[in-house]
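This report looks at strand pairing, a charged contact and aromatic contacts, taken in that order.

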Amino acid sequence: MKKAIISTLGLALLLSTSTAVASAQEAVPALQKESIQLSSSWYTDVEPNNWFDQATGITVGSGVDIYGNFGKFISEGNIGYDFADYYKFTAPQSGFYEFNIQGEIYPNSWMMLSVADSNGSIKRSAEDRQYHLGINLKAGQDYYLLVEVANPEVGQLFDYRVFSTIK
């Protein structure tokens, strides 16, 4: 009888310990990742493009995407860890432009969008943790789209997709 009680208590202890470990494993916050689908017309992040004078030339508008990544160590030009990409474009028409970004979101780091004029002055930046940016632009004028990471930490890797529409 004592053996049966002791083995029943042992089994109960084992089950409660396993449940506690499983619960603790579920409590760890996971990296959020959105699925990135390739479009038919796209540009890729070409290094170095970490400042205005290195910006990659692109076309913006419906159906044109930009794919890039952050967090890798870039040895060319003493860049170090890459947490910013600059893209230059000429507005094809006057109107409201909306830029959206998809990709990884870490608890303390996130990607953000800004648009600057041809002189490099920021016209508008997205609010923290807002993954879209809307702005009125004029046809024929040059602008820069800045894709950056806020609060980056070494070791974090970000893959991203930026897409835009003109209304």
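## Strand pairing around β12

Two strands count as paired where DSSP finds at least two bridges between them, and the strands themselves are DSSP runs numbered from the N terminus. The model discussed here is a predicted one.

Strand β12, which covers residues 158-166, runs antiparallel to strand β3, residues 64-70, and six bridges join the two. Within this pairing, D65 has F163 of β12 as its bridge partner. Strand β7, residues 95-103, also pairs with β12 in the antiparallel sense, here over seven bridges, and the partner of N100 in β12 is again F163. F163 is therefore a bridge partner of D65 and of N100 as well.

## The salt bridge

A search of the whole structure finds one salt bridge. It is formed by the side chains of D65 and R161, with a distance of 2.7 Å from N to O. The pair links distant parts of the chain, since D65 belongs to strand β3 and R161 to strand β12, 96 residues apart. Both D65 and R161 are buried.

## Aromatic pairs

How many aromatic pairs does a search of the whole structure find? The search returns nine, among them the pair of F89 and F99, whose ring centres are 5.9 Å apart and whose planes meet at 55 degrees, so that the pair is classed as tilted. Because F89 lies in strand β6 (residues 84-90) and F99 in strand β7, this contact ties together parts that are ten residues apart in sequence. F89 counts as buried at 1% relative accessibility, and F99 is likewise buried, with a relative accessible area of 1%.

The rings of Y106 and F158 have their centres 4.9 Å apart and their planes at 70 degrees, and the pair is therefore edge-to-face, given that planes over 60 degrees apart are placed in that class. Y106 lies in the loop between β7 and β8 (110-117), whereas F158 is in strand β12, so the pair ties together parts that are 52 residues apart in sequence. With a relative accessible area of 16%, Y106 is buried, because the cut-off for that class is under 20%; F158, at 0% relative accessibility, counts as buried too.

## An aromatic cluster

Which residues form one aromatic cluster? The cluster consists of W51, F52, Y86 and Y144.

Notes. Residues are numbered from 1 along each chain as its sequence is written. This is a predicted model: local features need pLDDT of at least 70, side-chain atom pairs count only at pLDDT 80 or more; totals for chains, interfaces and linings use all residues. Side-chain values use heavy atoms; hydrogens and water are left out. Helices (H or I, at least four residues) and strands (E, at least two) are DSSP runs, numbered from the N terminus. A salt bridge is a side-chain nitrogen of Lys or Arg within 4 Å of a carboxyl oxygen of Asp or Glu. Buried means under 20% relative accessible area, exposed over 50%, partly exposed in between (1.4 Å probe, protein chains only). Rings of Phe, Tyr and Trp (its six-membered ring) pair if their centres lie within 6.5 Å; planes under 30 degrees apart count as stacked, over 60 as edge-to-face and the rest as tilted.
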